[in-house]
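Have your viewer ready and your selection tool at hand. We will walk through one model stop by stop, picking residues as we go.

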Amino acid sequence: MNTASRSTARSAARLAAVQALYQLQMEGTALAKLLDEFHQHRLGREVDDEDHEGEVFADAEVEFFDDIVRGFDSRRNEIDEILSAKLANGWTLVRLDKTMLQILRAGTYELIARPDVPKASVISEYVDVAKAFFDDREAKFVNGILDAAAKQVRD
């Protein structure tokens with residue numbers, strides 16, 4: 001796989017991972033069942049049903065997706081502690097938009113556990129994911145929180 005297609009595959013895996021983490025939180029789906037659902041029905045092929053009309057994570061890097069989702073699940077407390085410490089006084093993870101929380105969790109997991117991915121790339125990728133769901137203000141929020149987390153776990 002060339003560098004450009006690997007980058008695209010990882011971007012697709014990150015977006016899918018954020019959506020999987022959202023589903024994990026909102027529906028409480030068992031991890032194995034959730035991963036199987038994404039492998040069978042969402043990663044690398046277009047989905048055309050009433051719940052996921054036309055949604056596709058074309059050629060997502062499945063192993064990378066699995067690492068983010070499983071990794072977050074196994075390090076949830078550590079990740080949430082880091083994120084909680086980066087929020088402004090009076091803010092808690094519970095107050096954050098549920099999608100925003102999953103973006104921050106996935107990004108923080110990568111910063112902690114994937115030293116093979118440069119921190120600037122991690123932050124940039126999750127800012128891009130945020131832009132798929134939110135306006136620039138929220139994307140800047142993701143940038144600030146992940147940058148602060150990176151300073152703690154990478155420097």
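**First stop: helix α1**

Start with R10, which lies in helix α1; helices here are DSSP runs of H or I with at least four residues, strands are E runs of at least two, and both are numbered from the N terminus. This is a predicted model, in which local features need pLDDT of at least 70 and side-chain atom pairs count only at pLDDT 80 or more, while totals for chains, interfaces and linings use all residues. Residues are numbered from 1 along each chain as its sequence is written, and side-chain values use heavy atoms, with hydrogens and water left out.

Is R10 buried or exposed? R10 counts as buried because its relative accessibility is 10%; buried means under 20% relative accessible area, exposed over 50%, and partly exposed in between, with a 1.4 Å probe and protein chains only. Now show what surrounds R10: leaving aside neighbours within four places in sequence, R10 is in contact with E61, F64, R114, D116 and V117. Contact means heavy atoms within 4.5 Å.

Stay in helix α1 and select Q23. Q23 has a relative accessible area of 9%, so Q23 is buried too. Not counting residues up to four places away in sequence, Q23 touches G28, T29, L34, E37, F38 and R42.

**Zoom out: the whole chain**

Switch to a cartoon view. The protein chain has 6 helices and 0 strands, and along the sequence the pattern reads α-α-α-α-α-α. Of the 155 residues in the chain, 44% are buried. Among contacts with a separation of 6 or more, 69% are between residues 24 or more positions apart.

**Second stop: the nonpolar core**

In soluble globular proteins, nonpolar side chains tend to be buried together. To see this model's version, select F65, V69, I103, L104, Y126 and V142, the residues with the most contacts inside the largest nonpolar core, which has 46 residues. A nonpolar core is a set of buried Ala, Val, Leu, Ile, Met, Phe, Trp, Tyr and Cys residues joined through side-chain atoms within 4.5 Å. At least two residues of this core come from each of α1 (3–27), α2 (31–41), α3 (62–86), α4 (98–113), α5 (119–133) and α6.

Next, centre on F65. Beyond its neighbours within four places in sequence, F65 is in contact with A13, A16, A17, A20, L35, F38, H39 and L43.

Colour α5 next. This helix has 15 residues and reaches 22 Å from its first C-alpha to its last, close to the 21 Å expected at 1.5 Å a residue; the expected span is 1.5 Å times one less than the number of residues. Which residues of α5 are buried? They are V122, I123, E125, Y126, V127, V129 and A130.

Pick I123, which is found in α5. I123 counts as buried because its relative accessibility is 7%. Setting aside neighbours within four places in sequence, I123 is in contact with N143, L146, D147 and A150.

At 15% relative accessibility, E125 counts as buried. Not counting residues up to four places away in sequence, E125 touches S7, S11 and R14. E125 and R14 are 111 residues apart in sequence, yet their C-alpha atoms are 8.0 Å apart in space.

G144 has its place in helix α6. With 37% relative accessibility, G144 counts as partly exposed. G144 and K86 are 58 residues apart in sequence and 9.0 Å apart in space, C-alpha to C-alpha.

About 250 Å³ of space lies in the largest pocket. Of the 13 residues that line this pocket, the closest to its centre are W91, L96, R137, E138 and F141. A pocket is an open set of points on a 1 Å grid over the protein atoms alone, where a 1.4 Å probe fits, with protein on both sides within 12 Å along at least five of seven lines; lining residues have an atom within 4 Å of a point. Points are joined across faces, edges and corners, and the volume is the space filled by probe spheres set on them. Helix α6 (residues 136–153) gives the largest share of the lining, 4 residues.
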